[in-house]
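Here are my notes for your first read-through. Keep the viewer open and follow point by point.

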Amino acid sequence: MRKLLNTLYITNEQAYLALDGENVVCKVGNEIKINLPFDNVENIVCFGYLGCSPALMGKCVSKQIPINFLSPNGKFLAKVCGETKGNVFLRVAQIDKFRECSLILAKNTIATKINNSIKLIKRTLHDNSDLKEDEDITQKVIMLKNAIDKIFLQENIESVLGIEGNAAKDYFSIFGKMFTNKSVDLKFSYRSKRPPLDEINATLSFVYTLLTLEYASALETVGLDSSIGFYHTLRSGRNSLACDLVEETRCIVERFVISLVNLKIITKKDFDIQISSACWLNSEGRKKVLTKWQEKKREIVMHPFLKEKIPYGMIPYVQSNLLAKYIRGDLDEYPCYGI
C-alpha cells in the first residue's frame with residue numbers, strides 16, 4: 001500500500017519556492033520559512049503569484065511531485081507535473097473503455113453520489129433527533145431515493161445529468177438544516193459556485209478544489225489520464241476524470257464542512273466579502289481549513305470494497321487504482337466509493 005505523505009500548502013501570497021539540494025525551500029523575501037525534504041512530500045499546492053524556480057519544477061517533475069498553482073481565493077491556475085506513469089496501452093484502453101462504458105459508469109457514479117448524500121442526511125438525523133420530524137427533510141430524502149431509481153432507467157448521459165441536477169437542488173435545499181449549532185453565525189440558503197456568495201459555499205468550493213487536485217495527482221500516479229473522463233465534458237485544461245471521481249466522495253467534503261461550522265472552527269472573521277458580493281476564505285481562514293483537512297486525511301476509515309482500514313487521504317489513490325484495474329480488465333465493474 002502506498003504511504004500517505006504530506007501535501008505542502010503554501011498560503012503566503014508573497015512566498016517563492018526554490019530548490020536546495022534534496023529539499024524544497026519556501027522563501028518570503030530573503031527569509032527561509034520552510035526547508036522540507038522531498039521524501040516527505042507527495043504534493044505541493046501554492047496559493048500565490050510569485051511561483052517557483054525552474055530548478056524546483058524540474059526536480060518535482062523527476063520525483064513525480066505535482067505543483068498546483070491556485071489564486072489566493074482557491075481558483076485553479078496551473079499545474080506542473082511529470083510524465084504520466086504506466087504505458088501508452090493503458091491510456092488507449094482508458095479511451096476505449098470510456099467510449100464503450102461511459103453511460104454505466106456515469107449511472108453508478110451519480111447513484112453512489114446521491115446515496116452517499118442520503119446517508120449523510122440520515123447521520124445528521126441520528127445525531128439530532130429534533131430533525132427527525134422535519135417533513136421537508138423527509139420529503140427530500142424520498143425524492144433523492146426516487147432519483148436513484150430513475151437514473152438506471154436513462155439511456156444517455158444527458159438525462160443522467162438532468163436527474164443529478166434536480167437531485168442536487170433537492171439536497172442543497174435542506175443542506176442548511178444540517179448546521180445544527182444554533183450559536184453559529186454562518187447561514188446557508190442555496191448552493192452558489194462562481195463565485196460563492198456566502199461563507200459555507202466558499203468553504204465547500206475551496207475543499208472541493210483540494211479534493212479534485214488530489215484525485216488528479218492520484219490518477220496520474222497510477223497511469224491514467226486525468227483529463228479524459230467518462231461523465232464531465234472534455235475541456236482543455238480540465239481534469240475531467242478527477243471531476244468524475246470526486247462526485248462519489250463529495251459527501252466527505254460536505255461532512256467535513258458541516259463539522260467545521262458546527263464546532264465553530266471557522267467563523268465570519270475567516271472570510272472576506274468582495275464588492276461583487278463574492279465571498280472567499282481569507283489567509284487565516286485558509287490556514288484553519290487546510291490544517292483540519294490534513295488532519296482529516298489521516299483519519300482511518302474502513303474501505304467498503306477492499307475491507308481494509310486506510311487513511312481518508314488514501315481514498316483518491318485507492319479509487320484511481322481500482323479504476324485502472326477495471327480498465328485493464330482485472331475487475332468486471334468499477335466499485336464506486338460508498339460511505
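Which residues does Val301 touch, not counting residues up to four places away in sequence? Point 1 takes this up.

1. **Val301.** A word of care before we start: this is a predicted model. Find Val301 in strand β10, which covers residues 300–302. Leaving out residues up to four places away in sequence, Val301 touches Glu308, Lys309, Ile310, Tyr312, Ile315 and Tyr337. Take one of these contacts, Tyr312. Val301 and Tyr312 are 11 residues apart in sequence, and their C-alpha atoms lie 6.3 Å apart in space. Is Val301 buried or exposed? Its relative accessibility is 14%, so Val301 counts as buried. The cut-off for buried is under 20%.

2. **The sheet.** Now turn to the open sheet. Four strands build it, in the order β1-β5-β6-β7, and the pairing is mixed. β1 (6–10) and β7 (76–80) are the edge strands. Each has a single partner strand, so one side of each is left without a neighbour in the sheet. From one strand to the next, the twist averages 15°.

3. Look at β1 and β5 (residues 41–47). They pair in the parallel sense, over five bridges. Strands of a sheet pair through backbone hydrogen bonds, either parallel or antiparallel. Within this pair, Asn6 stands opposite Val41 in β5.

4. **Helices on the sheet.** Which strands does helix α5 lie across? Helix α5 (residues 199–222) lies across β1, β5, β6 (67–70) and β7. Helix α5 runs at about 140° to β5. Helix α8 (residues 283–297) also packs on the sheet, touching β1 and β5. The direction of helix α8 makes about 175° with that of β1.

5. **Gln294.** This residue lies in helix α8. Gln294 touches Asn6, Thr7 and Tyr9, again not counting residues up to four places away in sequence. Gln294 has a relative accessible area of 14%, so it is buried.

6. **A surface patch.** Finish on the outside. Val88, Phe89 and Val92 form a nonpolar patch on the surface. Together they have about 310 Å² of accessible area. Val92 sits in helix α2, residues 88–127.

Methods. Residues numbered from 1 in each chain as written. Predicted model: local features only at pLDDT ≥ 70, side-chain atom pairs only at ≥ 80, totals over all residues. Heavy atoms only, no water. Pairing = 2+ DSSP bridges. Helix = DSSP H or I, 4+ residues; strand = E, 2+ residues; numbered from the N terminus. Axes fitted to C-alpha atoms, helices over the stretch in contact; angles between N-to-C directions. Contact = heavy atoms within 4.5 Å. Buried < 20%, exposed > 50% of the residue type's maximum accessible area, 1.4 Å probe, protein only. Patch = residues over 30% accessible without salt bridge, like charges linked within 9 Å, V, L, I, M, F, W, Y side chains within 5 Å. Areas by Shrake-Rupley, 256 points an atom, 1.4 Å probe, with all protein chains shown as cover. Salt bridge = Lys/Arg side-chain N within 4 Å of Asp/Glu carboxyl O.
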